[in-house]
Amino acid sequence: MRYPIRIAFAVAALALVAADPASAHHMMGGKLPQTFAQGLLSGLGHPVIGLDHFAAIIGAGIIAALIGRGFAPVLAFTTAMIAGVMLHVARADMPAAELLVGLSTAAIGLLIVLRSGFGVLLVAILFALTGLVHGYALGESIVGAENTPLGAYLAGLLVIQSLIAAGAFAATRFVAARGVSFGSVAVRTAGAAIMLVGGAAAAMAAGLAG
């Protein structure tokens, strides 16, 4: 059990280094995408350069595999994230968005660690709220863009999110098939890492706000 714990804390340490709310949402170096290609690359890159977003998407894939309802819960998550981007594009105000991003990521990790209470309604609410706040945060770098780069950004975001979540979904199914004991340890370790990444991001956001 020592190695899974070390892995989880190593990921958390990486989160403290990588979870910079200012840089995690600017794939184009702070510049607004001007073309279809720039918008697409920006959308493909944003969930990857932000470790908290990356962890949340992986967590969504894991939970979807655990509840056994197919890939539909992940699609609900990605749809909510797109809706969150559009809220930011519409210049809606979401106070403490970065703090909410961290807390929601931690909540996903905690749910995986507990591996209980996977009610469909609970997951739907968690995914909707998490997707919304993460999408809002990611939308920071696309506000003010023309329709072409905006559409490309949304397409890239949807594609990369779905691919990452699908990978986590398939990996969870594969690990679970290796054995109950091994699968349980592996999944809980992943959940702990996600929870710690979210906690680190929330702590950093709270510190910057203070």
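## Basis of the model

The structure is a predicted model, in which local features need pLDDT of at least 70 and side-chain atom pairs count only at pLDDT 80 or more, while totals for chains, interfaces and linings use all residues. Residues are numbered from 1 along each chain as its sequence is written, and side-chain values use heavy atoms, with hydrogens and water left out.

## Overall fold

Helices (H or I, at least four residues) and strands (E, at least two) are DSSP runs, numbered from the N terminus.

Of the 210 residues, 47% count as buried, that is, under 20% relative accessible area with a 1.4 Å probe, protein chains only. The chain exposes about 9700 Å², of which carbon and sulfur atoms supply 71%; accessible areas come from the Shrake-Rupley method with a 1.4 Å probe. Among contacts (heavy atoms within 4.5 Å) between residues at least 6 apart in sequence, 83% join residues at least 24 apart.

## Helix α3 and helix α4

The axes of α3 and helix α4 (residues 72–89) come within 8 Å and cross at roughly 150°. Axes are lines fitted to C-alpha atoms, for helices over the stretch in contact, and angles run from 0 to 180 degrees between N-to-C directions. The two helices are therefore roughly antiparallel to each other, a term for angles over 145 degrees.

On the α3 side, the contact is made by Ala56, Ile57, Ala60, Gly61, Ala64 and Ile67, and on the α4 side by Pro73, Val74, Phe77 and Met81. By class, these are nine nonpolar, one polar and no charged residues. Ala, Val, Leu, Ile, Met, Phe, Trp, Tyr, Cys and Pro count as nonpolar, Asp, Glu, Lys and Arg as charged, and the others, Gly among them, as polar.

## Helix α3 and helix α6

Helix α3 (residues 51–67) also pairs with helix α6 (residues 120–138): their axes come within 11 Å and cross at roughly 160°. That angle makes α3 roughly antiparallel to α6.

Asp52, His53, Ala56, Ala60, Ile63 and Ile67 of α3 meet Val123, Phe127, Thr130, His134, Ala137 and Leu138 of α6. These residues divide into eight nonpolar, three polar and one charged.

Leaving aside residues up to four places away in sequence, Tyr153 touches several residues, including Gly39, His46, Val85, Leu138 and Ile142. Ser42 is 111 residues from Tyr153 in sequence, yet their C-alpha atoms are 6.1 Å apart in space.

Note on methods. Angles under 35 degrees count as roughly parallel, over 145 as roughly antiparallel, 65 to 115 as roughly perpendicular and the rest as oblique. Buried means under 20% relative accessible area, exposed over 50%, partly exposed in between (1.4 Å probe, protein chains only).
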